[in-house]
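Thanks for coming, everyone. Have a look at the model.

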Number of protein chains: 2
Amino acid sequence: MSYEKFVLGIDYGTESGRVVVIRVRNGEEIGSAVIPYPDGVIDEKLPCGPRLEPDWALQNPRDYLLVTEKGVPKALKAAKVKGEDVIGVGTDFTASSPLPVKRDGAPLCFLSPYRKRPHAWVKLWKHHAAQPEANQINEVGRERNEEFIQIYGGKYSSEWFFSKVLQLLNEDPEIYDATDRFIEAADWIVWQLTGEEKRNTCTAGYKGMWIKGKGFPSEEFFRTLHPRLANVIETKVGENFYPLGQRAGGLTAFWARKTGLKDGTPVAVGNVDAHVAVPACTVTQPGALVMIMGTSICHMVLGTGRQMVEGMCGTVEDGIVPGLWGYEAGQSAVGDIFAWFFEHGVPDYIHHEARKLKASLATALEKRAAALKPGEFGLLALDWWNGNRSVLVDVDLTGALLGMTLATKAEEIYRALIEATAFGTRTIIEAFESKGVEVKALVACGGLPEKNKLLMQIYADVTGREIKLAEQLQTCSALGSAMHGAVAAGRAGGGYDSIAEAAQHMAHVQKLTYRPKAQNHAIYNRLFKEYQTLHDYFGRGENDVMKRLKVLRREQAAR
Amino acid sequence: MSYEKFVLGIDYGTESGRVVVIRVRNGEEIGSAVIPYPDGVIDEKLPCGPRLEPDWALQNPRDYLLVTEKGVPKALKAAKVKGEDVIGVGTDFTASSPLPVKRDGAPLCFLSPYRKRPHAWVKLWKHHAAQPEANQINEVGRERNEEFIQIYGGKYSSEWFFSKVLQLLNEDPEIYDATDRFIEAADWIVWQLTGEEKRNTCTAGYKGMWIKGKGFPSEEFFRTLHPRLANVIETKVGENFYPLGQRAGGLTAFWARKTGLKDGTPVAVGNVDAHVAVPACTVTQPGALVMIMGTSICHMVLGTGRQMVEGMCGTVEDGIVPGLWGYEAGQSAVGDIFAWFFEHGVPDYIHHEARKLKASLATALEKRAAALKPGEFGLLALDWWNGNRSVLVDVDLTGALLGMTLATKAEEIYRALIEATAFGTRTIIEAFESKGVEVKALVACGGLPEKNKLLMQIYADVTGREIKLAEQLQTCSALGSAMHGAVAAGRAGGGYDSIAEAAQHMAHVQKLTYRPKAQNHAIYNRLFKEYQTLHDYFGRGENDVMKRLKVLRREQAAR
């Protein structure tokens, strides 16, 4: 055995899985492998033939096994690390991505009687066909004043566990009957690796109505949703959930052979991709907000108690770091708005300039937009191109832009769009702080911070807060999983005894930070006030024009 | 002398002048000539050297003479019409475009002591440097409750006669002293052609505070503006104004020689380009609204009495057709908004499609936009890219667009912009009708109706009214001038005794009309209600965000 020890992090994503080999001592990434899912996102037809309805999105659990089987040896090889020097494994998953399985863990979609039935497969997080069920859950939840309604900022999502289970029961009761366990893919993969069905508190708390010390809503609640759902917890889900970083079990002999790791290597309980990134961004205490910035933004912050903050996606004890309350909020489109603009709003002269600079559209636009002063171009936008997640929790809101004159230029619109998303983040921060959940500093990870320096500076100027960047911007989740693997190993096993300790050694921020400029912040305070007025006018019912336009749109599209 | 008689119309525009030869019997255009002004719009430096301040726009009156001298023979030649067969001449002009002249009509800018002084030249309608003077006029006018304030919808414009005269007095009092007459170019050219200083009621009424039967505001009003302005009417303007179609005099021997027309040919008093187009669109009675549709839209309608309609540009007795009240309203940007969008908002895929179709951007966009149903794409805009002329009379308002999603396409935005301008026109129509000024039918002329069939159909659908098109879409003003030349000749002189009679014979509409589709009109009624709510919210003081953004913009630009 050599002196250096390593841990593995496995991040099971939407299109592929990533395995990283991390040095326990300092968190350094030694090697990695990315394995695309052969079946990817299944949203048109099942691999075995049957077509899917619109809004469906499934996955094949065999792809997760493949990522493990191919990715682990490949990453070890790239890192030149021997399996025997790996002291722990951690995993994270998209969520909520539940699947129906038999008592032995076999997914129904692997079994010939069920494999042509769409409901037998994993419902991926972005499966959106369970909206009627989500509506019913919210209605019943509100009527009964169920606690989960508050925890989820007033709305249980169609993307989440019980919306999907109820849709399955409504549409294919035979599959419901054949199911022994409904389980998150995050917990299923850990079950596969260890032989232990040990479910994690994070997915259960953020997506599954589970509350620490209280468990699930009552049988009566589930019976009101559907008589046959009454005993779903008792018979098909279970009541035991394990906090993050806990050892779920040791790697089975089967998986040790498959991967080249040691038989019995500690495996941590599952985790959610966004949430596991928080300690990898160095955050294990209250006061700092982690922003996972990409096509959308997830905002994560820790608190010492439970506060009802408006429009949260979830507020879960032990949900991110054991012993603290984890808050999750989000903006449903950020990078996606810019991508929309690049495709649908960028005129000839920017294309021309990009060619001249031999640069991307984004670079050409950023260069021009960076030369503008805040407020100098008179535009203001509402960043609701994909609805508003936090704090309004309203998918029927839409984007707005005002202030245009005959002299308005494309780079001005681009800058206004960036600013609007920054105002969206500030709105979330102010919601936290209004309830005493402190946000003193910001730490960013994800794809956007590297791509868009102007955006980062604008976020610092708008929020009036310094923004630090995670050392591993793009692989934060995999690093976070590896850190939980180190905690599952424990100090005795060559790892760490807590996630805070692991973060101290393994998580780092970059030297580069974005500091707010006082002069710009003062201007943005004025613009933010205008944003707030429009936000409330269009978002809180004073003028529901956006919703009425959507209703008309649906009517006309149906004609 | 042959049987057929002809009249000439001369339209003195912004960049050029147009002469048309019209058959009196049926209004047919037999020939025409367009003569560009050699000095064009003078907005950077005087032809003799001195540079101009920003917002200045001047013209050289020599260019008007040149248009007459070259254009008339050229048009006669093109028409193969002899000068002796021309029985009358009518003219129209941009307005307000005043100039200072000596007692004999000589422009000060022709005289060597003054020609290097910017204030000695014609101030073109779009000279915008007299805003402080306009502000003062409005302040004093409101304090004193002057009648002109009401006539002009609450605001006297910086573009108009006395704003420009007061600026001249403030900035170059020597020129003021040297001026014997301040006169509209519309009246000056008629004075040149006939030797008679006979000013017209249209320019005076719409731009010069003159009210039929009452004249100008009092000496005291003018003294309050500036002590030296007290006697401006008495000494430099005069009190006599002549109704449209009246014979100002006969062509002088000098101009007869220059042009090949007969000595003494009747010349009508001057007119304004937009207003003279009304009878050329067949409208000489109340009930039909004329829309002159181009970069902006002018809306003209006739009424039997004076009503205070919100946001009118002017309400003038005898201002368009003698014996009736002429109402003028307007939208400050229409075609200009589309031109802005073509330049600043059209993405690659539309450019690509235009190349594929071998068509213009406008055509490619129109084709896609025409395939959309009203309301199907969920967008709504406020058409204030260049402020709002009627009914809000507010240059500080700006454009807005809402309803965007990640699926919004360029042609949807284009269609929403067209619809917004149609809602702007409907707002004006409803303002008229709310005060009993009937608008039963619409007649359009100008450049847009030919270019944009989709736009015309949308205007019909939004307003719920049939839209007819003038036979001479692009040369309505010149035809209208010629018609007034025929009235100046009178029936005895081979013409007509009234503009209504002239219109009956000489003005025509096309067979092609746009009729509203009931189903679309019903949808647009719903969308118009939404437009109205936003119009009032942003336009009537409930949320002055657009103005505050402009203030901030000016502050930041100045830093």
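Buried area here is the accessible area, with a 1.4 Å probe, that two parts lose on being put together, summed over both. Between chain B and chain A that comes to about 5000 Å². Carbon and sulfur atoms give 56% of it.

A word on the source. This is a predicted model: local features need pLDDT of at least 70, side-chain atom pairs count only at pLDDT 80 or more, and totals for chains, interfaces and linings use all residues. Residues are numbered from 1 along each chain as its sequence is written, chains are lettered from A and ligands numbered from 1 in the order in which they are written, and side-chain values use heavy atoms, leaving out hydrogens and water.

Now contacts, meaning heavy atoms within 4.5 Å. On chain B, 58 residues touch 57 residues of chain A. The rule finds 4 salt bridges across this interface (a side-chain nitrogen of Lys or Arg within 4 Å of a carboxyl oxygen of Asp or Glu). B:E555 forms a salt bridge with A:R526, with the closest N and O atoms 2.9 Å apart. The side of chain B that touches chain A divides into 30 nonpolar, 15 polar and 13 charged residues. Gly counts as polar there.

Strands next; these are DSSP E runs of at least two residues, numbered from the N terminus. Pairing takes at least two DSSP bridges. Strand β18 of chain A, residues 399-404, runs antiparallel to β18(B), joined by 5 bridges. A:A400 stands opposite B:L402.

Last, the sheet in chain A. It is open, 7 strands, mixed pairing, in the order β15-β16-β14-β13-β19-β20-β21. The edge strands are β15 (314-317) and β21 (509-514).

Terms used. Helix = DSSP H or I, 4+ residues; strand = E, 2+ residues; numbered from the N terminus.
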